[in-house]
Amino acid sequence: MSVLSEELRERIRQEFPKYPNKRAVTLPALHIVHDARRAVSTEAIVGIAELLELHPAEVHDTMSFYNFFKDEKHALGNHRIWVCRSISCMLRGGEEVLEKVCDKFHVHPGQTSADGKVTLEFAECLGACEGAPCILVDDECHMDMNAELVSALIEKL
Amino acid sequence: MAKFEPVLFARINKPDSTSLATYKADGGYARIKEFLSMAPGDVTNVVKDAGLRGRGGAGFPCGLKWTFLPKDHPGPIYLCINADESEPGTFNNRILMEKDPHQLIEGILIACHAIRSSNAYLYLRYEYGRSYRVLDAAIRECYAAGLLGKNILGTGFNLDIVLHRGAGAYICGEETGLIESLEGKRAWPRIKPPFPAIEGLFRKPTIVNNVETLCCVTQILYRGGAWFKSIGVPPDPNNPRDPGSYGPKLYCVSGHVNKPCCVELPLGVTARELIEEHAGGVWKGRKAKAVVPGGISMGFLSDKELDTKLDFAGPGKVGCLGLGTAAVVVIDDQTSMVDVLFNCCRFMSHESCGQCTPCREGTAWMTKILTRIRIGQGRLEDLDLLMEVAGSMGIIPGTTICGLSDGAAWPVKNAISKFRGDFEEYINSKRATETSAQKLMEVH
């Protein structure tokens, strides 16, 4: 009995026809599970591997390469906030924005607030440099941030 | 010079610019049936003769790349669209995808016909959520309108486009890293040869093209190669290896300017023109100290080099690595190059895939040395050490598989050779300027 629900398994199977082999579905499958569970547990890796006819170590190898995916010990909070720290944002106050978010939730980058509401991470260039400094909240980008604007944005979460 | 009328960006400010109806009303897809009925080789020749060079960073001639595919291959042949735009300072692909997805899809149709491919994978970086939603809707619209799928517009041509989301890794922008990632593996670039045109995705012949390149393909087919060649900079007669820099280019300008922007101009504008005429000048009435010509991998222009033409050959003439993505980042005269270089090195160290030792260790050590300088414990010898490390990593010295490492070394080489005074002054002052935010990031 797989740890993955039939619904998740079916969504992963629907990716199969898009690719000539099942291994190529590794990233889509990891995204599907990660979106639903806010983490990919060891059991989920085994579940994905069964579906893709791979060894669990192969799925884990790929997953661990991308910092994006979290294991069960580092499950994401309800919202994921990414603060860009690359050059264009750094030049226009990105680090102050990061400090503000850290203060607000009493977390360091990479950690989740105690109430489980928010996971804070720094990001490398988010590709919104015309609106630097920028942050990504879940997958919506917010541009021209400053300490006040980011506080207001956080209040609404 | 007369004001340049944008072509790639002609529709981005129109209401409902992402819809099929808006694109069609502007003449989009009007001649796609004609293009799909041309002989594939003829399409390739149009693109080749236009002199289109890849917009993703390396500037390789696009039509020529297509001719490297084996002739009479039984297939499948794949097209990968590189939409993993991650070079710091670059955001032109994002605007193209968010605002005018059909221009890109039409380019994909044309390119796939030219290379005899009926499977295209669009590798989109995860961070571009809005691009994903816009493209997903646009692709659905195309299937519903018979512009994708089987027997497109009765021409007998089939094409499926699969949107594939990445997971936040800069190295996936390297074409073989992208291919490995698509195959479900860690994105470790492959040793070349074989080049992807011979053995690429799923070990089949594959072409990897950038989003902006494919949008140029659409415009070249509609307006003709002669139009494309009338824009930009012809080859340098003294350099037989220069194929010229033709066509419009999307320049991104960010950093210390009044109006950061992405602007479409003929290839070959100068950094000064971009800053003064298009980005509202350097902010706070200051002067530029340094300018990144095309993403941080390309190095820096000094304030004396602002009249450098930003075409494919220009930045190389003043010691930069190349034009890269034409992402111009302006650094004002109140900023220390020590801080800027630290930011570049930390990025590269974080994004090095770890496959080649000189890159994995080199980027990490350069970051450590710069950290030491920034906490006031630097030594003047550190500058020579940084140059030595930078000089020993990359494809150019022949020690790594891919070019990320050259891109990590170049800002170091340029910063220390062009701004050595900044570094010496910083080290001699023994000052420490770490902010608490930077301390927080030391966690990683």
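This is a predicted model: local features need pLDDT of at least 70, side-chain atom pairs count only at pLDDT 80 or more; totals for chains, interfaces and linings use all residues.
# A first look at chains A and B

Helix 13 and helix 14 of chain B lie roughly antiparallel to each other.

**Helix 13 with helix 14 of chain B**

- The axes of helix 13 and helix 14 of chain B come within 8 Å and cross at roughly 150 degrees. An angle over 145 degrees counts as roughly antiparallel, which is why the two helices get that description.
- The crossing of helix 13 of chain B past helix 14 of chain B is left-handed.
- On the helix 13 side, the contact is made by V338(B), L341(B), F342(B), C345(B), R346(B), M348(B) and S349(B). Helix 14 of chain B brings T363(B), A364(B), M366(B), T367(B), L370(B), I373(B) and R374(B).
- Sorted by class, this contact has nine nonpolar, three polar and two charged residues.

**Helix 14 with helix 15 of chain B**

- Helix 14 and helix 15 of chain B pack with their axes 10 Å apart, at an angle of about 165 degrees.
- Here, too, the crossing is left-handed, with helix 14 of chain B passing helix 15 of chain B.
- The residues that helix 14 of chain B gives to this contact are G362(B), W365(B), M366(B), I369(B) and I373(B). Those from helix 15 of chain B are D382(B), L385(B), L386(B), V389(B) and A390(B).
- The residues of this contact divide into eight nonpolar, one polar and one charged.

- Helix 17 of chain B spans residues 420-429, and its buried residues are D422(B), F423(B) and I427(B). They sit on the same side of the helix, because they cover an arc of only 125 degrees around its axis.
- There is a simple rule behind such patterns: an α-helix has 3.6 residues a turn, so residues three or four places apart point the same way.
- The other side of helix 17 of chain B carries the exposed residues G421(B), N428(B) and S429(B).
- The cover over the buried residues of helix 17 of chain B includes helix 13 (337-351), helix 14 (357-374), helix 15 (381-391) and helix 16 (404-418) of chain B.

**A buried tyrosine in chain B**

- Y123(B) belongs to strand 2 of chain B, residues 119-124. It is buried, with 23 other C-beta atoms within 10 Å.
- Apart from neighbours within four places in sequence, Y123(B) is in contact with a set of residues that includes C80(B), I81(B), N82(B), H164(B), C172(B) and L182(B).
- Y123(B) and E183(B) are 60 residues apart in sequence, and their C-alpha atoms are 11 Å apart in space.

**Backbone details in chain B**

- The peptide bond from G75(B) to P76(B) is cis, with omega near -5 degrees. P76(B) lies in the loop between helix 4 (62-67) and strand 1 (78-83) of chain B.
- K192(B) and P193(B) are also joined by a cis peptide bond, with omega about 0 degrees. P193(B) is in the loop between helix 8 (175-182) and strand 4 (206-210) of chain B.
- D16(B) is not a glycine, yet its phi is positive, about 55 degrees. This residue is in the segment before helix 1 (20-25) of chain B, and D16(B) counts as exposed, with 10 C-beta neighbours inside 10 Å.
- L153(B), not a glycine either, has a positive phi of about 50 degrees. L153(B) is partly exposed, with 16 other C-beta atoms within 10 Å.

- Chain A has seven helices and four strands, in the order α-α-α-α-β-α-α-β-β-β-α from the N terminus.
- Of the 157 residues in chain A, 47% are buried.
- The contact between the chains takes 44 residues from chain A and 51 residues from chain B. On the side of chain A, helix 6 gives the largest share, five residues.
- By class, that side of chain A has 23 nonpolar, ten polar and eleven charged residues.

Note on methods
Residues are numbered from 1 along each chain as its sequence is written. Chains are lettered from A and ligands numbered from 1 in the order in which they are written. A residue is buried if 20 or more other C-beta atoms lie within 10 Å of its own, exposed if 12 or fewer, and partly exposed in between; C-beta atoms are placed from the backbone. The arc is that of the directions from the helix axis to the C-beta atoms. Two residues are in contact if their C-beta atoms, placed from the backbone, lie within 7 Å. Axes are lines fitted to C-alpha atoms, for helices over the stretch in contact, and angles run from 0 to 180 degrees between N-to-C directions. Angles under 35 degrees count as roughly parallel, over 145 as roughly antiparallel, 65 to 115 as roughly perpendicular and the rest as oblique. A crossing is left-handed if the near helix is turned anticlockwise from the far one by less than a right angle, and right-handed if clockwise. Ala, Val, Leu, Ile, Met, Phe, Trp, Tyr, Cys and Pro count as nonpolar, Asp, Glu, Lys and Arg as charged, and the others, Gly among them, as polar.
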